[in-house]
Amino acid sequence: MHYYSTNRQAPEATLEQAVVKGLAADKGLFMPAQIKRLPDAFYHNIGEMNFREIAFIVAEAFFGEDIEAGKLKDIVYDTLTFDTPVVPVHDNIGSLELFHGPTLAFKDVGARFMARLLGHFIRKEGKKEVNVLVATSGDTGSAVANGFLGVPGIHVYVLYPKGKVSEIQEKQFTTLGQNITALEIDGTFDDCQALVKTAFLDAELNEALQLTSANSINVARFLPQAFYYFHAYAQLARQGKNREVVFSVPSGNFGNITAGLFAKRMGLPVKRFIAANNRNDIFLQYLNTGIYTPRPSTATIANAMDVGDPSNFARILDLYGNSHEAICQDISGYSYNDETIRETISALYQETGYLLDPHGACGYRALRESLQPGENGIFLETAHPAKFLETVESTIGETIAIPQKLQAFMQGKKESVELPAAFAPFKRLLLER
């Protein structure tokens, strides 16, 4: 399988090149040259398969031409050591819980898969140390850091905006040590993302270091996120609720919903998608006007979605041939402020006892407001509510239990390097290390 750039100005790349480079030379994002449609028999039998079996079939469609089947199966099975259950919330609405992995966030799937795939390529080719650069607005940093922790030949730099991630999220990547370095940037997530992208385009840095990204700009990070859309559909199939399926996706950098759109192109019977935003509603404005106008992000209590220029918008445009009309046929958008997010968390908890995190609250609210008769809705609950402890507890007026996995992180000592949101100091640090 070859991968082309969304900007169409760079040579096609192999899977290994796309994964190791992360970003194309023309600043575009890599896209697979083909999106293979899976056979009808797969969908007829999907309810009889478990998560790992489903994911391996999906993975073969993307990576099977480049990785021997046995090795790919090992990577998939080693990645998916936890479940992603669909939990009923209402008769026609379920929560796809993606917080049962090591860092209690949906990004564990993509981060763990990428760590194992990149490690495979390093061992196979005997490459020099690869430096992974990752910008985070919350959960990406912890998922990537823990996914790559201790992997030989890989050093990870996590860039995060100072004071704009929760304490628990911060502890999950600043207490690890070993091959993980946390960089506390005096700016926004967009500043962190800009530093990473600029590093890829700096000739001197790339001459001295082997750089790649573990953000959802990397095909090995976002494509595996398609796995749990198929798994969710399989769970609905077992319940006889796999008709008129609607997915509502909390959306920040848009890698997660893009993976869902890829699943639909592979034949997954999804009726439509909803992109649920917080106040950073750039995509919603595009849907309404046909004009994409990025702007500085605004801080909210759903901080992982505080993105003012979502990278994966380029992939969505490419997937739909730059057709605003076609995009609007498959995706609708909603936007909620902090007050509405809190109201949603509180109301559902009082009504059913189900506790949302701020991001899942956006997905649930959008689904509840737009679901039509006969439709079966799934919203993505992207992180455990305890990762946003202060926000959730103050909203429901109760103390919530902190899972043991999170308690272990909280006991560690924070270690980070503070940097301004300027490229020169960041470049100097990379070269000196």
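In what order do the six strands of the open sheet lie? The views below are of a predicted model, in which local features need pLDDT of at least 70 and side-chain atom pairs count only at pLDDT 80 or more, while totals for chains, interfaces and linings use all residues. Residues are numbered from 1 along each chain as its sequence is written, and side-chain values use heavy atoms, with hydrogens and water left out.

**View 1. The open sheet of six strands.** The order is β3-β4-β12-β9-β10-β11, with mixed pairing; strands are DSSP runs of E with at least two residues, helices are runs of H or I with at least four, and both are numbered from the N terminus, while two strands pair if DSSP finds at least two bridges between them. The edge strands, each pairing on one side only, are β3 (86–90) and β11 (331–335).

**View 2. Strands β10 and β11.** Strand β10 (residues 270–277) runs parallel to β11 and is joined to β11 by five bridges, and Ile 274 has Ser 332 of β11 as its bridge partner.

**View 3. Thr 344 in helix α16.** Helix α16 spans residues 338–352, and Thr 344 counts as buried because its relative accessibility is 3% (buried means under 20% relative accessible area, exposed over 50% and partly exposed in between, with a 1.4 Å probe and protein chains only). A polar atom of the Thr 344 side chain lies 2.7 Å from the backbone oxygen of Thr 340. Leaving aside neighbours within four places in sequence, Thr 344 is in contact (heavy atoms within 4.5 Å) with Leu 356, Ala 361, Tyr 364 and Arg 365.

Conventions
Polar contact = N/O pair within 3.5 Å; in protein donor to acceptor, adjacent residues only side chain to side chain.
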